[in-house]
Structure formats: structure tokens, C-alpha cells
Amino acid sequence: MSLVPFAPSQTLRLPLFVLMSAVIVTGLSSLRAAAPQDSTKPTTPAGRQAVLLTDEDWRKVPRRATSAERIDELLQVNGPSSDVTGQADLRTTDEQFLRRAALDLTGTLPTPEELAEFASDTDPAKRSKKVDELLASDAYARHWARYWRDVVSARITNRRSMGLTRSFEEWLYERFRAGDDWRTITRAILTAEGELRFTLNKPGAENGELFFLVAHDGDEAEERAAETSRVFLGIQIQCAQCHDHPTENWKRTQFHEFAAYFARIKYEQLFVGGKLSGVQLVALKDAEHKVASLTNPDDFSLAQPRFLDGRAPAAKLDDRERRQSLADAVVADENYWFAAAFVNRVWNELMGRSFYPHVDDLGPMKEVSQPE
């Protein structure tokens with residue numbers, strides 16, 4: 001029941017929540033019973049300074065599995081006042097534990113009967129077993145499908161696509177029930193093709209993965225690039241769309257090279273009997289991403305795809321191949337931001353406070369608590 005939180009070489013199974021839950025269950029025997037503090041107002045405990053975690057720091061992270069016990073040790077490095085663990089003065093009771101674990105993993109409260117049964121169980125491993133039981137439940141799949149639906153739909157600009165969010169949630173629900181790992185889910189979203197129909201009464205999961213790519217209009221390539229970076233890398237690069245980023249290292253050129261991965265797709269509306277019935281992705285054969293000149297808006301240059309680490313895919317790829325190469329780069333073992341973004345979000349949900357103050361704004365120049 002452990003997984004490396006910041007080492008993407010380990011398989012990021014969606015039950016990576018097992019890691020977080022294992023921290024709650026096993027080592028964090030001192031987990032506080034009180035509700036988390038307001039996570040919108042991050043603080044740094046007295047006597048400890050937040051630090052910048054750079055690219056070089058990430059490269060030093062060991063690529064081996066980390067036990068729950070080791071995670072507990074790291075959390076105690078800066079004392080019990082750590083802002084990602086809360087006040088750690090006493091062990092939770094069985095009732096407190098089950099309430100917290102059930103809410104975190106399924107979004108529901110245990111019944112009085114379940115509380116009584118759990119409290120009377122004398123098995124020393126009952127907490128770990130209960131977490132496994134919760135992770136295997138449909139309620140777990142539903143709860144986290146809703147969470148990721150909200151993450152992905154938070155900044156959509158194609159308002160008509162709001163009618164497709166339920167299909168996206170159903171697709172996520174089925175994927176979580178099947179135990180798909182986060183790499184597989186991310187790859188399916190970034191390489192989605194086909195059409196997605198509105199289903200108002202009973203939405204299905206078929207092609208629900210298309211939602212991410214069809215939920216934007218206007219500057220589609222730019223918006224898809226910004227959201228891909230935010231959701232899957234935890235990095236906000238949209239400020240580099242019109243100029244070099246004012247507070248980060250990202251350059252305008254980098255942003256538009258990243259956007260170029262999406263230059264050959266656009267969405268079209270589908271109609272039945274004159275009524276809007278859905279949307280579809282259409283692949284464009286030779287389209288390239290145009291970047292307007294900052295000095296003359298009538299002039300532009302063409303950007304070729306390049307990932308944020310500077311590596312470029314092969315030349316003369318079609319849309320499918322381009323987006324497959326993007327997915328490869330996003331979920332690659334050496335792309336530590338993919339793992340960090342996922343863990344930072346989940347930790348925030350389970351513990352009430354993330355390692356980075358802003359859950360989807362990591363980046364190499366951002367301050368981080370608990371760097372170890």
C-alpha cells in the first residue's frame with residue numbers, strides 16, 4: 001500500500017489514493033481528528049521556511065517505492081505543526097478514522113451500524129483492510145469521477161459543452177471502477193477522437209473522454225495547451241501566451257510550441273432535425289499553429305510542436321501521431337511534474353492542504369512545503 005509520491009517511474013495507478021489513504025491509515029497514527037484548516041490561506045509553520053523546488057531537485061528524487069512509514073518520517077521532519085499534516089497530537093479513534101476515511105474516499109458518511117461493527121473489530125489490520133474495501137467500492141469510483149470532472153471542467157469556455165460533463169463523469173466512473181491507472185486515463189483524454197452526443201436523460205460513458213478537447217472554443221489550440229499543462233502537469237503557462245511569463249521561466253515561444261500539438265484538430269457541432277445533438281473532433285491534414293507577431297498583428301510565424309522540456313516529436317506527423325507523442329511526453333517516467341501534479345491534488349483533498357500552496361500552480365519557481 002505505497003507508491004512514490006514524486007517519482008513518476010512508479011506506475012501511477014488511480015488507486016494511488018491507496019498511498020494517501022495508507023498515510024492516513026498506517027503511519028499517521030497521530031492523524032488529527034479535527035477538520036482541516038482553511039486551505040485557501042496557506043501558512044508556513046514558525047521556524048521553517050518554504051523553499052523553491054527546482055528541476056535539478058526533482059532529478060535527485062530516488063526512483064524507488066516509498067513506504068508509508070518513510071512518508072510519516074518525512075512528514076515529521078519539521079515537527080507536528082507541519083502545514084500539510086495539521087496538528088498531530090493524538091491518534092484518532094476508530095469512529096473518527098472511519099468517518100474521515102469514508103468521507104475522503106467515497107464522499108459519504110458511514111452508517112451507525114458500520115461504525116459499531118468497525119469499532120468492535122479486534123483485527124489489528126482492520127484500518128488498512130477498510131481502506132482497501134472503500135477503494136474497491138462503486139462509491140469511491142463515483143466520488144472521484146465527480147472530483148476530476150470538476151477539475152477538468154473548471155475553465156471550459158464552450159458553454160454548450162456543459163451538457164457533456166455528465167458523459168465525461170460516467171466515462172471516468174467506468175475507468176475508475178476498472179482500476180485504470182492515471183497514465184492510461186490521461187493518454188485516452190489527450191488522444192481522444194470521434195464524436196460525443198448529448199444524452200440528457202441517461203448519459204452514457206461512450207467517448208466521454210472527448211470532453212476535455214471539445215470543451216473549448218475561440219483560440220482552441222492555446223486553451224487546450226493551457227489546460228493540458230494545468231490539469232496534467234500542475235503548471236500554469238497561460239501567462240506566456242502573449243509575452244514571456246513575468247514571474248516564471250516560461251517563454252512565449254515555449255507556450256506556442258506546446259500549443260502546436262493541438263493545431264490539427266477542431267470541434268464541430270452535430271445536428272439532428274435542426275437541433276444540436278453533440279460535437280465531434282475533426283482532424284485537419286496540414287494545419288499548423290500560427291503565432292502572431294508582437295509588433296505587427298498582420299504578420300505571423302508557424303510554430304512546430306515541442307514539449308516543455310525542449311524535446312520535439314518527429315517531423316511530418318499527422319494529428320493522431322502528434323497527440324500520441326504529446327501523451328508520451330506527458331506521462332513519461334522522466335516527467336516528474338506529471339506525478340507531482342497528481343499527488344499534490346490528491347494530498348490536498350485527503351489532508352486539507354497541499355505541498356504547493358496552490359493546488360494547480362506548481363512550477364519550478366514556486367515555493368513548496370515539505371520539500372523532502
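Before the details, some ground rules. The model is predicted, so local features need pLDDT of at least 70 and side-chain atom pairs count only at pLDDT 80 or more, while totals for chains, interfaces and linings use all residues. Residues are numbered from 1 along each chain as its sequence is written, and side-chain values use heavy atoms, with hydrogens and water left out.

I start with the overall picture. The protein has 14 helices and 7 strands. Both are DSSP runs numbered from the N terminus: helices are H or I with at least four residues, strands are E with at least two. Of the 372 residues, 50% count as buried. Buried means under 20% relative accessible area, exposed means over 50%, and partly exposed is in between, using a 1.4 Å probe and protein chains only. A contact means heavy atoms within 4.5 Å. Among contacts with a separation of 6 or more, 70% come from residues 24 or more positions apart.

Now helix 9, residues 182-190. Which of its residues are buried? They are W182, R183, I185, T186, I189 and L190. These cover an arc of only 165° around the axis, which puts them on the same side of helix 9. The arc is taken from the directions from the helix axis to the C-beta atoms. As background, an α-helix has 3.6 residues a turn, so residues three or four places apart point the same way.

What do the buried residues of helix 9 pack against? The list is helix 7 (138-153), helix 8 (165-178), helix 10 (211-214), helix 11 (220-233), helix 13 (319-330) and helix 14 (336-351).

The axes of helix 7 and helix 8 are 8 Å apart, at an angle of about 135°. That makes helix 7 oblique to helix 8. The axes are lines fitted to C-alpha atoms, for helices over the stretch in contact, and the angles run from 0 to 180 degrees between N-to-C directions. On the naming of angles: under 35 degrees is roughly parallel, over 145 roughly antiparallel, 65 to 115 roughly perpendicular, and the rest oblique. Helix 7 passes helix 8 in a right-handed crossing. Right-handed means that the near helix is turned clockwise from the far one by less than a right angle, and left-handed that it is turned anticlockwise.

The residues that meet include D138, A141 and W144 in helix 7, and F168, Y173 and R177 in helix 8. Take R177, which is found in helix 8. R177 counts as partly exposed, at 44% relative accessibility. Leaving aside neighbours within four places in sequence, R177 is in contact with D138 and A141. The C-alpha atoms of R177 and L135 are separated by 9.3 Å, although the two are 42 residues apart along the chain.

A second pair is helix 4 (residues 94-106) and helix 5 (residues 112-120). Their axes are 9 Å apart and the angle is about 125°. Helix 4 and helix 5 are therefore oblique to each other, and their crossing is right-handed. D94, E95, F97 and L98 in helix 4 meet E114, L115, F118 and A119 in helix 5.

R230, V231, F232 and L233 in helix 11 meet W337, F338, A341 and R345 in helix 14. Is F338 buried or exposed? At 0% relative accessibility, F338 counts as buried.

Next, a strand residue. H289 is in strand 5 (residues 289-292). H289 is buried, with a relative accessible area of 5%. The side chains of H289 and H256 are joined by a polar contact of 2.9 Å. A polar contact is a pair of N or O atoms within 3.5 Å; within protein, one must be able to donate a hydrogen and the other to accept it, and residues adjacent in sequence count only if both atoms are side-chain atoms.

Last, the loops. N207, in the loop between strand 2 (195-197) and helix 10, has a positive phi of about 60° although it is not a glycine. N207 is partly exposed, at 24%. K316 also has a positive phi of about 60° and is not a glycine. K316 lies in the loop between strand 6 (300-303) and helix 13, and is exposed, with a relative accessible area of 85%.
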